[in-house]
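Trainee: I'd like to learn how to read a multi-chain model, from strands and helices up to whole chains. Could you walk me through one?

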Amino acid sequence: MRKYLLWRVLQIIPVLFLISIFVFALLYLAGDPVALMLPEDATQEQVDALRESLGLDQPFYIQYLSFVGDVIQGDFGYSYRYSQPALPIVLERLPATFELAFASMIVAVLIAVPLGILSATKRNTALDVFISGASVLGKAMPNFWLGIMLILMLAITYPFFPVSGSGSVAHLILPAITLGTGCAAEMTRVLRSSMLETLNQDYVRTAVSKGVKNFFVVYKHAFRNALIPFITITFLQVSTLVSGALITEVVFSWPGLGQLLIQAINGRDMAVVQATVFIVAFIVIVVNLMADVLYRVLDPRIQFD
Amino acid sequence: MQTEQPVKHLRNHTTENRLANWTRRWARLLFKSKTGTIGLIITGLIFLLAIFAPVLSPYHPNVQNYAAMNVPPVWLEGGMKEHLLGTDNLGRDMLSRIIYGTQVSLLVGVCSVVVAGAIGMFFGLIAGYYGGFIDNVLMRIVDAFLAIPNVLFILVILGVLSPGLLTLIFVIGLTNWVIYARLVRGDVLSIKEREFIKAARTIGTKNPVIICKHVLPNVMPSFIVISTLSVATTIVLEASLSYLGLGVQPPTVSWGGMLSAGRDYLATSWWIATFPGLAIMITVLGIIFLGDWLRDVLDPRSQTLRS
Amino acid sequence: MARQNRLLEVENLKTYFHTENGTVPSVDGVSFHVDRGETVAIVGESGSGKSVTSFSIMGLVSPPGKIEAGHIRFDGTELTSLSERKMRKVRGNEIAMIFQEPLTSLNPVFTVGHQISEAILLHQDTKKAEARKQGIAMLKRVGIPRAEQVYQSYPHALSGGMRQRVMIAMALSCNPKMLIADEPTTALDVTIQAQILRLLKKISKEVDTSIILITHDLGVVAELVDRVIVMYAGQIVEQADVYTIFKDPKHPYTQGLLESTPKIHELHDELKSIRGVVPVPTNMPTGCRFHPRCPHAMDICKEKEPMMVDRDGKAQVRCWLYASEKEDVG
Amino acid sequence: MTNEENMTTAPDAGGEGGASSSNDTTLTIAQGSDMVSFDVHDHSNTSTEAIHINMFSYLVKNDVEGEGIVPDLATDWELVDDETWQFTLRDDAVFHNGDPVTAEDVKFTLERVAKDNTLQEHENYRQINEVEVIDDHTFLIHTNGPQPVMLNRLSRLGSGILPKDYIEENGWDHFLQEPVGSGPYQFVEWVRDDRVVLERFDDYFGGDVAVWDQLVFRSIPESSTRVGEVIAGGVDIAMNIAPIDWNRVNENEGTSIVEGQTNRTMMLVPNHREEYPTSDPLVREAIDLAIDNQALLDNLMGGSGTPTLTRVNPGNFGANEALHGEYRYDPDRAKELLEEAGYGDGLELTLHSPDGRYLQDRETTEVIAGMLSEIGIDVKIDFMEWSAYVDLRDAHEQKDLYLIGLTGSLWDAAHQLRHHTSMVAEDHIGYSNEEFDQIYLEAEVNMDEAEREQQYIDLQTMADEELINIMLFQLDSFYAVNDRIQFEPRLDEMWRVEEITLSE
Amino acid sequence: MIKEVANTKEDDTLLEIKGLKKHFDVTRKIFAKKKDILKAVDGVDFIVKKGETFGIVGESGCGKSTTGNMIMRLADPTAGSIHFEGKDLSKLAKNEQSKMKKDIQMIFQDPFSSLNPRMRVFEIIAEPLRTHKIATGKELKQQVYELLDVVGLDRSLAKRFPHEFSGGQRQRIGIARALALRPKLIVCDEPVSALDVSIQSQVLNLLSKLQKDFDLTYIFIAHGLPVVKHISDRVAVMYLGKIVETAATEELFKHPKHPYTEGLLRAIPVPDPTLRSLDSGELLEGDLPSPVNPPSGCHFRTRCPYANEKCKAEAPKLQEVAKAHYVACHYPLQAGRGVIMEHA
Ligand SMILES: Nc1ncnc2c1ncn2[C@@H]1O[C@H](COP(=O)(O)OP(=O)(O)OP(=O)(O)O)[C@@H](O)[C@H]1O
Ligand SMILES: Nc1ncnc2c1ncn2[C@@H]1O[C@H](COP(=O)(O)OP(=O)(O)OP(=O)(O)O)[C@@H](O)[C@H]1O
Ligand SMILES: [Mg+2]
Ligand SMILES: [Mg+2]
């Protein structure tokens with residue numbers, strides 16, 4: 001197990017290397033950050049002065065080498081917008097995004113597990129069709145639209161929840177539903193198909209022929225096996241969650257990475273953009289690693305070394 | 001030597017007969033699955049809308065009418081016969097805009113999937129079939145791409161390039177190819193183990209030919225299903241990008257753009273954001289159903305008439 | 001015949017599958033019986049309805065399949081009309097079943113012990129520790145070495161033969177009155193198959209358990225069973241005790257089956273074979289279902305379905321060749 | 001349902017972060033974006049300054065709608081010579097950490113921004129050569145040549161006086177974490193992209209200037225969410241409310257829309273380079289005549305806002321009031337002019353526009369395009385994401401026209417008119433006018449206020465005649481306000497909480 | 001009929017295999033000191049003569065298919081040589097390799113996965129002809145139809161997809177494809193194991209007929225001993241990657257000399273209830289050991305009723321103990337039952 005982990009961790013290195021190339025290239029694609037830092041009617045002298053002071057007139061390779069060196073030390077440079085090192089700014093936002101992602105995951109699981117199992121066991125019935133249809137709709141609803149609708153309905157017309165902001169559990173509910181719904185759609189589909197597959201397996205037939213109650217056949221014998229792909233996909237949803245969070249956070253003015261990133265992009269605050277991309281990618285990689293390990297833990301068939 | 005009877009009774013293959021058979025087969029396939037029928041009809045209609053938008057829409061989508069701003073759809077109080085689905089905040093006809101929006105939404109959806117699919121298919125086939133070092137390198141690249149959540153990736157790229165229809169298609173394509181590469185590779189790995197590949201090698205078929213003739217057609221069904229799904233998600237993605245100001249830029253009309261521009265009006269003139277939203281949902285539904293149907297159709301098993 | 005000796009009686013069983021492409025009459029009017037302590041084989045080619053027959057007995061037919069008609073009496077109880085709850089008491093407890101694929105028939109995420117004790121705990125009022133003891137004893141009985149260790153391992157760690165033994169142990173753990181073994185050795189190598197067959201034989205002798213053995217391997221049949229039921233296309237075409245079937249097969253299909261089996265102890269220049277293929281169930285031939293492949297097919301075979309004919313009480317056969325004899329008798 | 005009820009049902013009422021207006025003495029204000037930084041010298045963001053003014057005191061304040069420059073920390077100031085100003089500080093001002101505000105702090109503050117050219121506000125303060133401390137409460141500012149607008153500079157962004165000792169002891173980073181000023185409110189917390197919380201500073205030299213114990217500035221980028229918060233009662237004042245939501249806010253019991261002017265002027269900037277048709281004055285005039293400025297306001301802004309022919313609004317020094325409130329509209333004449341210019345068969349122009357940067361900017365552009373098409377100009381609209389838009393503009397790669405809204409934070413026409421001089425406009429839009437430049441440069445160092453004012457008025461007339469830019473209107477701003485609050489929006493868009501009071 | 005044991009003249013040899021090995025690296029530990037080598041085939045020698053059918057039997061996983069794959073060049077041998085018509089297959093030039101491909105063809109076990117489900121029967125059979133540019137256009141059509149005739153399929157079936165056929169018919173398609181190139185040698189990897197008895201005999205009969213008609217040589221891999229016995233002239237018995245016994249069919253089945261062969265024979269259920277064999281006699285115990293970690297010495301010793309210390313220490317070599325009867329055992333069985341105890 002430890003060796004497997006070590007191997008997987010080693011595999012991360014080339015991936016991180018590729019990501020760092022991308023992240024560095026961003027700076028060059030991004031063009032000139034200076035213009036955005038000055039007011040609309042700034043003069044050319046102002047622009048030049050600022051550019052020089054930021055060292056943006058240095059040759060390419062010097063910037064590259066220093067970038068790599070810095071990143072290894074956890075230094076992504078200075079945020080123009082915050083006049084602070086970029087990494088702490090990004091790290092400061094992580095907890096809020098984690099909180100949201102975690103809550104959304106719970107929402108998604110709460111929706112997906114019963115629906116997925118139900119539609120698999122009631123295969124081809126009206127209920128199954130309904131659930132499938134609903135999950136398609138779940139995919140078809142853009143996050144921001146759902147978010148705004150939820151605010152209108154559950155925070156304004158019927159004020160059950162606060163409209164926006166952070167700070168309490170109540171604040172978390174609407175954004176978590178918004179974000180969780182999209183993921184739930186995907187997860188329901190996966191769970192349905194893996195349940196269908198396991199329900200058709202011989203060992204399920206064996207369980208029935210032993211006289212095991214229907215409920216246990218479904219929730220113990222079948223679900224336990226369907227859980228393996230389901231958990232994997234659940235973990236893989238982290239990537240989708242982050243994508244969704246970018247937008248959901250704006251709608252609910254949730255102070256997480258999403259808002260930070262969007263503002264950083266609009267403001268060409270490239271240090272923050274780079275740090276965010278890198279950190280998010282790193283987290284996704286780590287989570288995928290966890291998914292992989294969990295997969296192995298859950299499935300006794302897979303050997304550890 | 002005794003000859004076996006064919007499993008099914010053989011039909012006479014005269015030319016007319018064949019044509020009739022062909023139509024009958026497709027008709028049968030079409031109506032066999034209800035959802036498939038619905039999907040095909042929806043998708044078909046939407047493509048027609050896109051193609052004939054200039055003919056079908058009552059107004060030019062960008063013609064403003066200050067005398068009729070925020071007019072509700074015709075069945076509501078205050079609705080006007082001239083504007084069946086009402087007008088938006090600038091008095092533009094919703095129906096016309098929805099019809100024209102079809103063009104861009106489909107264009108973005110289909111083209112970016114074609115771009116992504118082509119790249120992904122190519123690399124997936126190569127990596128899966130040849131394996132080894134190429135496979136390793138490609139899969140690390142795929143890992144790297146997958147590690148960056150797609151909206152984040154697109155956002156960052158679009159944030160630094162100037163957005164436009166072409167950029168959008170290209171960037172979405174560039175982001176999504178990894179999905180196909182991974183899917184195709186996985187499929188190829190299992191198809192490679194099937195004995196007919198071995199068989200092709202024993203008769204001396206060259207690798208590129210095996211890839212094209214034996215592997216590719218067998219990867220196609222799941223590829224097509226994922227593609228259709230991806231067309232659907234891309235249409236939604238375009239809406240999300242519009243929300244962030246990175247979608248298709250006006251005056252080009254896209255559903256995503258309409259949806260996101262109309263979000264401020266949800267509480268007051270709900271139709272401005274709701275109709276494009278519905279259009280997206282219906283299209284997505286249609287395309288996903290179509291994908292399911294296509295998977296069935298592409299299975300040669302379904303191409304026989306059953307008695 | 002002593003009625004109380006009958007353990008299972010299947011009468012005119014019809015199990016159909018209503019699929020998109022039409023109705024599949026997988027089992028179409030099957031009647032047979034199994035006595036206490038008896039080992040009966042159901043043989044037939046793939047798709048002839050062997051498995052569906054056994055699923056019908058177990059009440060495991062699920063939509064789109066449905067038992068359309070017929071009776072299944074087990075130990076005096078009518079199973080077809082039993083409620084699901086009562087049926088669960090029968091399953092595993094009174095009738096146990098083992099399947100062809102030992103690899104996939106055990107749940108990969110639970111230990112062998114868990115799966116054995118599950119059955120025991122379900123049907124017997126015992127504690128966990130007691131169930132464990134029973135389970136281990138059962139494993140020992142089916143000849144598993146190091147039973148305690150195996151009890152705690154996951155199925156994937158066992159070889160095919162071991163898994164099949166575990167399946168048998170699980171099936172026998174509640175002392176069922178009847179064991180249905182659906183192709184229990186098909187997936188195994190000959191040497192392992194021999195071990196399993198010997199085990200089944202031992203069990204049928206030691207415990208008074210009736211066995212229905214489903215197989216297409218005539219060799220296995222000859223080794224193990226008392227009576228043979230030959231199925232073709234959803235129907236029973238011949239029934240007789242094992243010696244009669246092998247010595248004096250009546251139905252042309254049974255004859256063909258025997259003749260096309262290569263035998264290790266005899267020499268053949270060329271194997272006989274049955275021409276053609278098993279019919280598609282949605283497209284059954286009229287009349288006798290075997291007539292397109294039958295070397296003795298007569299006109300009547302194409303038109304009218306033959307009835308089951310009793311031959312001296314020793315055998316029954318469904319073939320027009322013997323119909324007249326029956327008329328004579330009857 | 002009354003608003004009060006609304007609030008009690010909201011589950012977050014009283015929640016730690018759910019800054020809610022249920023608390024009588026907490027004022028919650030929602031802006032569209034987060035505060036940028038506590039480094040008063042290193043941002044150029046109006047809404048950040050709008051918060052800062054409650055935490056930091058300036059030497060002088062600019063009451064743009066009233067008396068002009070008024071005392072704040074400085075009680076007196078005088079011009080010693082053309083290049084030297086003398087200031088006297090009040091002696092009762094203390095920072096939030098208890099340190100008194102002295103001339104040393106002023107020197108520290110002003111020289112930091114005047115000397116450090118990496119700071120964003122450096123450009124506006126580099127005119128200061130040196131701050132000479134006379135005693136604790138007296139100092140001289142030596143400028144670089146005559147600086148008639150010096151006081152304006154000292155009353156705006158970047159002028160908050162910083163605590164020298166505190167910063168030198170704890171370091172700059174610590175200051176950014178725990179900022180200290182000498183204004184009426186002191187720092188409590190800043191949750192980035194969520195809220196900035198300030199509380200009353202009891203030792204403020206001005207005493208209890210406002211009714212609020214606590215100020216919460218929320219950042220809510222999504223406008224419908226902002227409106228929603230006001231309606232739900234989570235926020236007292238929300239800024240940048242789009243016209244579509246006005247009814248909603250007004251119809252909701254307990255909230256209403258309050259409107260105010262801004263110093264921002266929307267305009268079309270034509271390209272004067274020869275290859276563009278807009279270099280032809282006739283075309284520019286035709287465009288100007290084709291646009292019905294009032295109709296724009298009527299259709300898009302509910303009639304609010306003021307049509308204008310100049311960028312310098314009243315409230316700025318040197319405003320040409322004759323041009324303000326005026327516009328020209330004559331589509332028939334416009335058509336003739338086009339014909340005269342040789343575009344009788346039609347003309348195609350590209351119009352770049354930001355989307356979502358200014359209130360109704362997208363709609364404004366679309367309506368203008370509609371108006372221009374009436375006189376035969378086919379407008380190709382190019383909506384751009386803001387940063388891309390800025391890139392294009394700064395690379396001077398824009399085509400015929402772009403839409404922009406410009407403001408003047410100096411409150412002096414010098415700022416706005418500089419844009420029309422060849423120093424800026426030549427590279428930018430290919431426009432130069434020697435006469436204009438000459439007058440502008442003279443005025444820039446003219447210490448005679450009256451004469452300077454006239455020079456600016458003339459320059460504006462000239463700019464209008466030349467149609468250097470095609471002015472549209474002075475933009476109004478719209479706030480959704482809880483009725484328990486008495487709030488008059490300010491022209492400078494600052495949150496002067498002493499002016500925001502409870503109703504009744 | 002007793003099949004003639006092919007005579008041993010040199011030029012009769014079609015295929016000669018010497019010391020053939022295939023080792024798979026199945027190391028799962030990344031930093032393992034020792035690699036885990038799976039010796040799927042571990043030193044196999046045999047000769048196949050023109051016109052004969054050479055059967056290979058053994059339990060699942062003993063390396064039969066791997067051997068077949070190496071002959072087909074589908075897998076590269078780890079060691080050893082394969083000579084076909086005297087030429088070393090691994091040392092052929094490109095163009096010769098292509099020709100050699102034509103001469104050796106294969107029929108597969110699984111009639112479902114060995115035909116591309118998305119190709120029509122015509123295309124499947126035409127593919128080898130096209131690949132080697134043997135025929136085009138009308139001629140191609142003609143040849144495909146002829147092949148269909150040969151394997152007993154109706155020509156009209158050419159337009160169909162594989163799924164429209166039964167297992168037996170599919171196997172015929174596979175045979176037609178293999179025949180298309182007029183091969184000299186056909187490797188049949190369990191061609192009938194997936195088929196029902198009644199169909200199995202049809203295919204076996206067809207194979208026999210084709211052998212006569214086209215002068216074919218077969219390597220017939222199977223685990224069903226009766227089938228092998230029925231069709232083969234000579235049989236090799238494999239156990240854990242090695243051949244333990246080869247002899248002419250009749251000889252092998254009558255006088256097995258290796259205890260494993262004997263065990264196999266005894267394990268076969270005989271379709272005659274009067275000859276029930278399972279009750280009497282000893283059966284082989286246990287399963288096939290792991291090929292990654294095979295027992296020392298004689299691999300079979302763990303299941304051999306006669307094993308002793310020598311078997312543990314020393315791996316027996318394949319030796320000729322009777323005419324054309326080779327066995328790898330320290331103590332080959334004597335005619336009848338019992339062990340020849342040479343060094344008691
Ligand atoms: N779930 C089902 N849906 C439709 N048809 C079914 C289903 N299950 C079985 N059948 C059909 O019933 C018939 C009998 O099947 P069954 O499994 O009993 O055959 P079998 O004799 O056990 O064959 P095998 O030897 O292959 O196991 C087959 O034609 C099969 O296609
Ligand atoms: N590509 C491979 N990588 C690793 N191990 C392999 C590979 N191919 C085959 N093996 C192993 O080699 C051994 C021999 O396999 P092979 O397929 O030759 O057996 P076989 O005798 O044909 O068995 P069967 O009767 O099941 O077809 C097996 O243990 C198998 O697991
Ligand atoms: Mg079966
Ligand atoms: Mg094999």
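**Reading strands, a helix and whole chains**

Mentor: Let's start with strand pairing: six bridges join strand 6 (residues 128-135) of chain D to strand 7 of chain D, and the two run antiparallel. Keep in mind throughout that this is a predicted model.

Trainee: How many residues make up the hairpin between strand 6 and strand 7 of chain D?

Mentor: Two residues link strand 6 to strand 7 of chain D in that hairpin. To see the pairing in the viewer, pick D:Val131, whose bridge partner in strand 7 of chain D is D:Ile141.

Trainee: And which residue of strand 7 of chain D stands opposite D:Phe87?

Mentor: That's D:Phe139. The pairing there is between strand 5 (residues 84-89) of chain D and strand 7 of chain D, with five bridges and an antiparallel run.

Trainee: Is strand 7 of chain D mostly covered or mostly open?

Mentor: Mostly covered: strand 7 spans residues 138-143 of chain D, and five of its six residues are buried.

Trainee: How do I read the two faces of a strand?

Mentor: The general idea is that side chains in a regular strand alternate between the two faces of the sheet. Now try it on strand 7 of chain E. On one side sit E:Leu185, E:Val187 and E:Asp189, on the other E:Ile186 and E:Cys188, and all of these are buried, so both faces are covered.

Trainee: Why is strand 7 of chain E called largely enclosed?

Mentor: Because five of the five residues in that strand, residues 185-189, are buried; "buried" here means under 20% relative accessible area.

Trainee: Do the strands next to strand 7 of chain E run parallel or antiparallel to it?

Mentor: Parallel in both cases. Strand 6 (residues 104-107) of chain E is joined to strand 7 by four bridges, and strand 8 (residues 217-222) of chain E is joined to strand 7 by five. For residue pairs, E:Gln105 has E:Ile186 as its bridge partner in strand 7, while E:Val187 has E:Ile219 in strand 8.

Trainee: Let's move to helices. What should I look for?

Mentor: An α-helix has 3.6 residues a turn, so residues three or four places apart point the same way. Take helix 5 (residues 132-147) of chain B, where the buried residues are B:Asp135, B:Leu138, B:Met139, B:Arg140, B:Val142, B:Ala144 and B:Ala147.

Trainee: How far does helix 5 of chain B reach from its first C-alpha to its last?

Mentor: It has 16 residues and reaches 22 Å, close to the 22 Å expected at 1.5 Å a residue.

Trainee: Can we zoom in on one residue? Where is D:Thr48 placed?

Mentor: In helix 2 (residues 46-52) of chain D. With 0% relative accessibility, D:Thr48 counts as buried. Its side chain reaches the backbone nitrogen of D:Val36 at 2.9 Å. Setting aside neighbours within four places in sequence, D:Thr48 is in contact with D:Asp34, D:Met35, D:Val36, D:Ser37 and D:His43.

Trainee: Now whole chains. What is the radius of gyration of chain C?

Mentor: First the make-up: chain C has 13 helices and twelve strands. Its radius of gyration is 21 Å, close to the 20 Å from the globule rule for 330 residues, so chain C is as compact as a globular protein of that length. Its C-alpha atoms fill a box of roughly 65 × 50 × 45 Å along the principal axes, and 58% of its 330 residues count as buried.

Trainee: What about surface?

Mentor: Chain C has an accessible surface of about 13500 Å², 50% of it from carbon and sulfur atoms. For chain D the surface is about 17500 Å², with 41% from carbon and sulfur atoms.

Trainee: Last one: how far apart are the closest C-alpha atoms of chain C and chain D?

Mentor: They lie 44 Å apart, and no contact joins the two chains. Chain D and chain E don't touch either, with their nearest C-alpha atoms 46 Å apart.

Terms used:
Residues numbered from 1 in each chain as written. Chains lettered and ligands numbered in written order. Predicted model: local features only at pLDDT ≥ 70, side-chain atom pairs only at ≥ 80, totals over all residues. Heavy atoms only, no water. Buried < 20%, exposed > 50% of the residue type's maximum accessible area, 1.4 Å probe, protein only. Pairing = 2+ DSSP bridges. Expected span 1.5 Å × (residues − 1). Rg over C-alpha atoms; globule rule 2.2 N^0.38 Å. Areas by Shrake-Rupley, 256 points an atom, 1.4 Å probe, with all protein chains shown as cover. Polar contact = N/O pair within 3.5 Å; in protein donor to acceptor, adjacent residues only side chain to side chain. Contact = heavy atoms within 4.5 Å.
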